[in-house]
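Me: I should like to learn how to read helices, sheets and salt bridges in a structural model. Could we work through one together?

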Amino acid sequence: MEHKIDDISLSYLAFIKESIPVLELDFRVKGREYHSAMLTGVVSAVTIYLQEFTEGEVKVIDQGSIKIGFEEGTICSVIYMTNYISETLQKKIKLMLKTFEVRFNEYLIADLIDHNEFSQFTDYIIETFAEELIKDYYVPFFVERSFRNDNLPNLAIPDEAWEILSYINGSNTVSMLFEKVKESKEDIIEMLALLRAQKLIDFLIHLSLEDIPKLTTTGTYLFFKESMHYEGLKSMFGEKVLSIIKNIDGIMPVSYIITEKYASKLDTEEISDMLKYLLWKGYIQIIAPEFKYSSIIEYLYNYTLALANEKLDWDSETFFNEIESIDNPLIDLILLIYDRISFSRVRAYCRRMVGSYEPMVEILLYPLKNVYDQINKASDDKDYKKVSLDHLSDIYSKDGIELIRKYH
């Protein structure tokens, strides 16, 4: 799915006619909304102004972490806000605008527009964008404490999917709801998006100590090419921010970042708050579950490389040749980049895998057995294979290394 890795976050969408919104959906966190009439008016004015100095239509106004997209139709226009604008997103917007104009042509050309006529189009918008709006790590909660099932608005969702309401308690993440509720993931996502669009629920951000964060493409660009974003974070979280960001590599879990590397510089709550903020802004992502084992094994490979360098005086090329000598297509996916072992192609393989990861783990760990045999023979009586497992246990959760321990 295009750019799913970098976590698209559509935050606002409005259909406008003559700079006035006739239908809008606002998915921003409560307290961070903008005045819609002002937003649409300003964007319309800016795009018209820019068209005087550029060839063709202006489609995107880039404000760093926020992109404002603009598409003009025959009768009306659409404005949307997101952290990333892809070709797929633009195509969706164009198709939606055409559908909206055809469906409501007679109302849009009328002298007096009844905005209530367009509300039925909300469901179509939700169906189109629901998966891009609802994230696995979100924790849905009802905005109104007195909220009850019998005073819900008339939402266009399957009756069976209403089971989800009993699990919206502020403690279950969206990914947990997928496991608890029998209905399809698509139905659950659609319902959550509908509830949020009507301001009945909002989301907290869940960050587990076992989660493995990774910089998104947007985050990498902003932190290492636009210093203003680093300065803004530094003012919020202190001087040590960049040193933490540099170590968000898709391999180290949150627990290790907090307890091992930075405990003396920032407290646990500060680091957690910072990571949640980065996650919410789309600057980092939590790696998908199917990448977990490849991330842990990648760390183990580089740890073993360090041991081989110390105990056997091997350089990275010698180590790489040793593991590459194992004749297996999966081993061939491992790369040597800048004197470090990289599992980037292994991750791409994992994305396509369905089913058990046990065979993959067994194959990837097999070459290390011979390396550890040589390390043990050349060193003292210490069992370095056990040393490496104990080291992994200090970094990753028990569940995370259980399969590794089985085959290492």
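Me: Which residues of H2 are buried?

Reply: This is a predicted model, so the reading concerns computed values. In H2, the buried residues are Leu89, Ile93, Met96, Leu97, Phe100 and Glu101. They lie on the same side of H2, because they cover an arc of only 130 degrees around the axis. On the other side of H2, the exposed residues are Glu87, Lys91, Leu95, Lys98 and Val102.

Me: What covers the buried residues of H2?

Reply: The cover includes the strands S1, S2, S4 and S5, together with helix H3 (105-108) and H4. Helix H2 itself, residues 87-103, lies across S1, S2, S3, strand S4 (66-72) and S5, and runs at about 145 degrees to S5. Helix H4 (residues 122-133) lies across S1 and S2, at about 45 degrees to S2.

Me: How many residues has H2, and what span is expected at 1.5 Å a residue?

Reply: H2 has 17 residues, and the expected span is 24 Å. From its first C-alpha to its last, H2 reaches 24 Å, close to that expectation.

Me: Let us turn to the sheet. What is the order of the five strands?

Reply: The order is S2-S1-S5-S4-S3, in an open sheet with antiparallel pairing. Strand S2 (20-26) and strand S3 (60-63) are the edge strands, each pairing on one side only. On average, neighbouring strands of this sheet are turned by 15 degrees against each other, direction ignored.

Me: Over how many bridges do S1 and S5 pair?

Reply: Strand S1 (residues 12-17) pairs with strand S5 (residues 77-82) over five bridges, in the antiparallel sense.

Me: Over how many bridges do S1 and S2 pair?

Reply: S1 and S2 pair over six bridges, also in the antiparallel sense. Here Ile16 stands opposite Pro21 in S2. The hairpin of S1 and S2 has two residues between the strands, and Glu18 takes a positive phi near 55 degrees in that hairpin.

Me: Which residues point one way from S1, and which the other way?

Reply: In a regular strand, side chains alternate between the two faces of the sheet. From S1, Tyr12, Ala14 and Ile16 point one way, whereas Leu13, Phe15 and Lys17 point the other way. All of these are buried, and S1 is accordingly described as mostly covered, with six of its six residues buried.

Me: How many of the 13 residues of H6 are buried?

Reply: Eleven of the 13 residues are buried, and H6 is mostly covered. Among them are Asp187, Glu190 and Arg196, as well as Ile188, Leu192 and Ala197. The buried residues of H6 pack against S2, H4, strand S6 (138-142), helix H5 (174-180) and strand S7 (201-205). As for length, helix H6 (residues 185-197) should span 18 Å at 1.5 Å a residue, and its end C-alpha atoms are 18 Å apart, which agrees. Just after H6, Lys199 takes a positive phi of about 60 degrees.

Me: I should like to finish with charged pairs. How many salt bridges are there?

Reply: Side chains of opposite charge can pair when their charged atoms come close. The cut-off applied is a Lys or Arg side-chain nitrogen within 4 Å of a carboxyl oxygen of Asp or Glu. By this rule the count comes to four salt bridges. One of these joins Arg347 and Glu298, at 3.1 Å from N to O. This pair links distant parts of the chain, with Arg347 in helix H14 (residues 344-352) and Glu298 in helix H12 (residues 292-311), 49 residues apart.

Me: Are Arg347 and Glu298 buried or exposed?

Reply: Both Arg347 and Glu298 are buried. For another setting, consider Lys406, which forms a salt bridge with Glu358, the closest N and O atoms being 2.6 Å apart. That pair also links distant parts of the chain: Lys406 is in helix H17 (residues 398-407) and Glu358 in helix H15 (residues 358-378), 48 residues apart. Lys406 is exposed, with a relative accessible area of 54%, while Glu358 is partly exposed at 24%.

Me: What separates Lys386 and Asp390 in helix H16?

Reply: Lys386 and Asp390 are separated by about one helical turn, because they are four residues apart in helix H16 (residues 384-395). Their side chains meet in a salt bridge of 2.9 Å, N to O. Asp390 counts as partly exposed, at 33% relative accessibility.

Note on methods: Residues are numbered from 1 along each chain as its sequence is written. This is a predicted model: local features need pLDDT of at least 70, side-chain atom pairs count only at pLDDT 80 or more; totals for chains, interfaces and linings use all residues. Side-chain values use heavy atoms; hydrogens and water are left out. Buried means under 20% relative accessible area, exposed over 50%, partly exposed in between (1.4 Å probe, protein chains only). Two strands pair if DSSP finds at least two bridges between them. Axes are lines fitted to C-alpha atoms, for helices over the stretch in contact, and angles run from 0 to 180 degrees between N-to-C directions. Contact means heavy atoms within 4.5 Å. The expected span of a helix is 1.5 Å times one less than its number of residues. The arc is that of the directions from the helix axis to the C-beta atoms.
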